[in-house]
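Subject: A structure for you to explore

Hi there,

Here is the structure I promised to pass on. Have a look at it first, and then read on for what turned up.

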Amino acid sequence: MASIARALRPLARSATASSRKVRPSFAKSAPQIRCLSATAPRRDIDISEIPPTPISHLSETENLMADSVSKFAQEVILPKAREMDEAEAMDPAVVEQLFEQGLMGIEIPEEYGGSGMNFTSAIIAIEELARIDPSVSVMCDVHNTLCNTAILKWGSEKQKKELLPRLATNTVASFCLSEPVSGSDAFAMATKAVKTENGYKINGGKMWITNSMESDVFIVFANLDPSKKYKGITAFIVEKGTPGFSIAKKEKKLGIKASSTCVINFDDVEIPKENLLGKEFEGYKYAIGLLNEGRIGIAAQMTGLALGAFENAARYAYNDRKQFGKLIGEFQGMQHQMAQAWVEIQAARALVYNASRKKEAGQDFVRDAAMAKLYASQVAGKVSSQAVEWMGGMGFVREGLAEKFFRDSKIGAIYEGTSNIQLQTIAKDLQKQYTN
Ligand SMILES: Cc1cc2nc3c(=O)[nH]c(=O)nc-3n(C[C@H](O)[C@H](O)[C@H](O)COP(=O)(O)OP(=O)(O)OC[C@H]3O[C@@H](n4cnc5c(N)ncnc54)[C@H](O)[C@@H]3O)c2cc1C
């Protein structure tokens, strides 16, 4: 159990006496943005005392995480990636091994059976998984960055003791916000909850819910008092099997086909009051905070996807395919395109890791997360498309992974906030910064 994580512990980045100070003028000029993170700012960390390091720098623990997830993805997931895509289903053995590797409880403390690692370790795992299979990556992403985080942040002690060991070891979770009537305008949801003698009753329906087929635990947002509009939104924990809960339809998709995406119905679903998550009427705040963090995860998924598409095509161009008597990777026309793609992938990675480090340091990261998700999904789309072209006919056929990366890339501009919504977040923040 938790084989990677058991061996690994987060390394505290110590602030030593020899640390160089960040120039005060630079530190002070940082824009002040309201933090909507689900994570409380870590006031104990004075990052001005930390020596500046490259954004690509990883701690020893994080490097170990990257190496072991990469090995796991190559050895266990790669042989099944094409098959799972064709079958439009996740192999249960892959899910089991994600748990065994400690990748489903990355930030869950060890006292609850988790891996006790930091947020950046989760980002690294999501990226490394996407380098091989973005479907497996999103399962890990939603489970860790949205569901586990929700319970860690707002779960009661009883909920944590009961749920976290399950979420870390054998139980997949889903995050249920979107509905047929509410996607980008998520808080216009129609699902309602009413109070009962012993708890709550939920009625309504959710749409496009990732992991639905594999999950047993569902974090569900419903409006407990529509007269309060979005301020009536409240979060609940619903277990699969609760009477009235049903998975109505599994979507057939363009990409990330092995990841299940379903419509869920709630028909007089009665849950005990202990299944309230956090406080009544705070659900909208939880959803905003979680999605702000979750976007860094999707950005990591898209960066990993871009890297995977690039590497797959680069190996072919530099080693396998000859035309006009030369390896196709020797043509300058190809080399320049590949160099440009590499720059863009590294720029996306820098945005992802910068957002992740800012979150961990308790700094405002909302704009950074939006920039990372927007740009990484653009790069994933562009590079995976070019990679198909670099491989010619071999890129177009459903044999290798080139066409799969291309199809999988499209979702990056849609879920956890479309590209327009990311632009809106960035634009609003800029307006606030520059309005006198
Ligand atoms: C594969 C998949 C998995 C998903 N997983 C989950 C999940 O696990 N949980 C969950 O809750 N949801 C999930 N979703 C839902 C996802 O988050 C929504 O699809 C997404 O938020 C967009 O909503 P929508 O599809 O209703 O598009 P719409 O909101 O209808 O948007 C359509 C278009 O209009 C644009 N638009 C909308 N509003 C504005 C605006 N104000 N300004 C400019 N342009 C605008 C959008 O950018 C987009 O281009 C998933 C979706 C998919 C496809």
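Which residues in α10 meet which residues in α12? From α10 they are A380, G381, S384, S385, A387 and V388, and from α12 they are A402, E403, F405, F406 and S409. Please keep in mind that this is a predicted model.

To find this pair, look for α10 at residues 366-390 and α12 at residues 402-409. Their axes lie 8 Å apart, and the helices pack at an angle of about 155 degrees. Angles over 145 degrees count as roughly antiparallel, and therefore α10 is roughly antiparallel to α12. The contact between α10 and α12 is made up of 6 nonpolar, 4 polar and 1 charged residues. As for handedness, α10 and α12 cross in a left-handed way.

Start with α6. The crossing of α5 past α6 is left-handed. On the α5 side, A122, A125, I126, L129 and A130 take part, and they meet P134, V136, S137, C140, D141, N144 and T145 of α6. Sorted by class, that contact holds 8 nonpolar, 3 polar and 1 charged residues.

The α5 residues involved are A122, I123, I126, E127, E128, L129 and A130, while α8 brings I296, G297, A300, Q301, T303, G304, L305 and G308. Together they divide into 8 nonpolar, 5 polar and 2 charged residues.

Finally, there is the ligand. Which residues come nearest to the ligand? Of the 20 residues around it, the nearest are S178, G183, S184, T418 and N420. By class, this shell has 10 nonpolar, 8 polar and 2 charged residues. At least two shell residues come from each of β1 (172-176), β3 (199-210) and α13 (419-434). Seen by domain, domain 2 (175-284) and domain 3 (287-434) each give at least three residues to the shell.

I hope you enjoy turning the model around and finding these places for yourself.

Best wishes

Definitions and conventions:
Residues numbered from 1 in each chain as written. Predicted model: local features only at pLDDT ≥ 70, side-chain atom pairs only at ≥ 80, totals over all residues. Near = placed C-beta within 6 Å. Helix = DSSP H or I, 4+ residues; strand = E, 2+ residues; numbered from the N terminus. Nonpolar A, V, L, I, M, F, W, Y, C, P; charged D, E, K, R; others polar. Domains from an automatic or database assignment. Left-handed = near helix turned anticlockwise from the far one by under 90°. Contact = placed C-beta atoms within 7 Å. Axes fitted to C-alpha atoms, helices over the stretch in contact; angles between N-to-C directions. Parallel < 35°, antiparallel > 145°, perpendicular 65-115°, else oblique.
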